[in-house]
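Subject: Structure for your files

Dear colleague,

Here is the structure I said I would pass on. My notes on it follow below.

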Amino acid sequence: MKKENIIEEKTFNFSKQIVGLYFQIMKDKKEFVLSKQLLRCGTSIGANVAESQAAQSLNDFISKLSIALKETSETKYWLRLMREFEFVDEMKYSTLIADCDEIYRILSSIIISSKEKLNS
């Protein structure tokens with residue numbers, strides 16, 4: 001049985017939340033441009049983490065996770081903008097930002113330890 005990969009699970013679950021929010025914003029607010037930006041970067045985090053699992057080298061692994069880290073920062077930006085224009089309520093915003101922060105910390109930690117391994 002395959003061992004559970006925490007960052008893969010967290011980013012997959014985060015992607016599901018982002019997809020749900022995207023459809024809710026499209027339906028309730030009839031907003032299609034900003035929400036598409038959020039959808040792209042919010043789901044890209046998990047896609048890059050998944051891709052990192054098949055990395056060809058440690059450098060490739062670090063590169064994919066670094067992209068995921070950047071996408072996490074971009075997701076926070078779009079969430080903040082969406083909240084500012086009241087496309088996302090405060091409770092949902094707080095939950096998603098907390099998830100982003102947790103994912104960011106985990107990714108940063110993995111990248112740092114991977115770079116240390118690379119340099120040792």
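For the helix pair described next, axes are lines fitted to C-alpha atoms, for helices over the stretch in contact, and angles run from 0 to 180 degrees between N-to-C directions. Please keep in mind that this is a predicted model.

Helix packing. Helix H1 (residues 6–29) and helix H4 (residues 90–119) have axes that come within 11 Å and cross at roughly 150 degrees. Angles over 145 degrees count as roughly antiparallel, so H1 and H4 are roughly antiparallel to each other. Their crossing is left-handed. On the H1 side, the residues in contact are Ile7, Lys10, Thr11, Phe14, Gln17, Ile18 and Leu21. The H4 residues they meet are Lys92, Thr95, Leu96, Asp99, Cys100, Glu102, Ile103, Ile106, Leu107 and Ile110.

Ser35. This residue belongs to helix H2 (residues 34–52). Is Ser35 buried or exposed? Its relative accessible area is 1%, and the cut-off for buried is under 20%, so Ser35 is buried. Leaving aside residues up to four places away in sequence, Ser35 touches Tyr22, Ile25, Met26 and Met82.

Aromatic rings. Searching the whole structure gives two aromatic pairs. One of them joins Tyr77 and Trp78 in an edge-to-face arrangement, with 5.1 Å centre to centre and 80 degrees between the planes. Tyr77 is partly exposed at 46% relative accessibility, whereas Trp78 is buried at 14%. Separately, Arg83 places its charged end over the ring of Tyr93, 4.3 Å from the ring centre.

Regards

Notes. Residues numbered from 1 in each chain as written. Predicted model: local features only at pLDDT ≥ 70, side-chain atom pairs only at ≥ 80, totals over all residues. Heavy atoms only, no water. Phe/Tyr/Trp six-rings, centres within 6.5 Å; stacked < 30°, edge-to-face > 60°. Buried < 20%, exposed > 50% of the residue type's maximum accessible area, 1.4 Å probe, protein only. Lys NZ or Arg CZ within 6 Å of the ring centre and 35° of its normal. Helix = DSSP H or I, 4+ residues; strand = E, 2+ residues; numbered from the N terminus. Parallel < 35°, antiparallel > 145°, perpendicular 65-115°, else oblique. Left-handed = near helix turned anticlockwise from the far one by under 90°. Contact = heavy atoms within 4.5 Å.
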